Amino acid sequence: SRNTKLNELIGNKPRIIVLNKADLADEKINKLWIEKYKKENQIAILSDSIKGIGIKDITNATHELMKDKIEKQNQKGMIGGNIKAIIVGIPNVGKSTLINKIAGKQTAQTGNKPGVTKKNQWIRLDERLQLLDTPGVLWPKLDNELYARHLSYVEALKDEVVDIEEIAVNL
């Protein structure tokens with residue numbers, strides 16, 4: 001899932017779509033998602049940030065995607081110039097865990113519930129690349145009960161804002 005306003009907010013900025021927790025999804029469906037994004041000329045990578053699956057693909061794709069920008073910086077004498085990227089997604093999809101795995105160390109606080117990341121945090125991955133870890137982003141107004149229920153099923157909403165027993169019964 002992703003915030004429906006994301007494309008509007010990002011515009012034409014380069015992006016890599018990371019389908020994290022791919023190990024929890026059906027392999028055939030994962031392949032269909034990758035095919036869909038490929039047809040749309042978007043880079044999409046399957047990832048399991050706990051086991052480290054897909055991490056090398058993400059870093060390689062990031063450097064490839066930013067190759068032109070790095071070259072332009074070098075031509076302007078900005079050798080070692082910064083590339084800044086943002087990791088964005090709904091709560092509890094593993095954004096901070098992904099950053100930690102890419103960084104190769106525990107730099108961002110993680111937890112098995114939504115809302116662990118409370119504020120934006122810049123994390124330097126190498127001499128050029130910085131990632132912004134962000135709190136989970138939902139829609140400004142979640143007025144569709146079915147969507148809210150589905151988000152509750154995957155623990156993207158805090159327990160304090162939903163009736164857990166009702167969610168369990170509906171599930």
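This report describes the fold, helix packing, charged pairs and backbone features of a predicted model.

## Overall architecture

The protein contains 7 helices and 5 strands. Along the sequence these elements follow the pattern α-β-α-β-α-α-β-α-β-β-α-α. The chain has 171 residues, and 32% of them are buried.

Among contacts with a separation of 6 or more, 56% are between residues 24 or more positions apart.

## Helix α5 and its surroundings

Helix α5 spans residues 95-103. Its buried residues are Lys95, Ser96, Leu98, Ile99, Asn100 and Ile102.

Helix α3 (residues 55-65) packs against α5 at an angle of about 80 degrees, and the two axes are 10 Å apart. Angles from 65 to 115 degrees count as roughly perpendicular, and α3 and α5 are therefore placed in that class. On the α3 side the contact is made by Ile55, Ile58 and Thr59. On the α5 side it is made by Leu98, Lys101 and Ile102. Two of these α5 residues, Leu98 and Ile102, also belong to the buried set of the helix.

Just after α5, Gly104 has a positive phi of about 75 degrees.

Thr107 is located in the loop between α5 and β4 (121-124). With a relative accessible area of 22%, Thr107 is partly exposed; the cut-off for a buried residue is under 20%.

Leaving aside residues up to four places away in sequence, Thr107 touches Ile99, Asn100, Gln121 and Ile123. Of these, Ile99 and Asn100 are among the buried residues of α5. Thr107 and Ile123 are 16 residues apart along the chain, and their C-alpha atoms are separated by 7.2 Å.

## Asp133, a buried acidic residue

Asp133 is in strand β5, which covers residues 129-133. This residue is buried and has no salt bridge. The nearest side chain of opposite charge belongs to Lys95, at 6.2 Å.

Asp133 does have a polar partner: its side chain makes a polar contact of 2.6 Å with the side chain of Ser96.

## Salt bridges

The count of salt bridges in the model is 3. One of them pairs Lys31 with Glu27, with the closest N and O atoms 3.9 Å apart. Both residues lie in helix α2 (residues 27-39), 4 residues apart, which is about one turn of the helix. An α-helix has 3.6 residues a turn, so residues three or four places apart point the same way. Lys31 is partly exposed at 47% relative accessibility, whereas Glu27 is exposed at 57%.

A salt bridge also links Glu40 and Lys36, with an N to O distance of 2.6 Å. Glu40 is partly exposed, with a relative accessible area of 37%, and Lys36 is partly exposed at 33%. Another pairs Lys67 with Glu64, where the closest N and O atoms are 3.0 Å apart. Here Lys67 is partly exposed at 44%, and Glu64 is partly exposed at 49%.

Most residues other than glycine have a negative phi. Lys21 has a positive phi, near 60 degrees. This residue lies in the loop between β1 and α2 and is partly exposed, with a relative accessible area of 31%.

Asn41 is not a glycine either, and its phi is positive at about 60 degrees. Asn41 is found in the loop between α2 and β2 (43-46). With a relative accessible area of 72%, Asn41 is exposed.

Note on methods: Residues numbered from 1 in each chain as written. Predicted model: local features only at pLDDT ≥ 70, side-chain atom pairs only at ≥ 80, totals over all residues. Heavy atoms only, no water. Helix = DSSP H or I, 4+ residues; strand = E, 2+ residues; numbered from the N terminus. Buried < 20%, exposed > 50% of the residue type's maximum accessible area, 1.4 Å probe, protein only. Lys, Arg positive; Asp, Glu negative; His and termini not counted. Salt bridge = Lys/Arg side-chain N within 4 Å of Asp/Glu carboxyl O. Polar contact = N/O pair within 3.5 Å; in protein donor to acceptor, adjacent residues only side chain to side chain. Axes fitted to C-alpha atoms, helices over the stretch in contact; angles between N-to-C directions. Parallel < 35°, antiparallel > 145°, perpendicular 65-115°, else oblique. Contact = heavy atoms within 4.5 Å.
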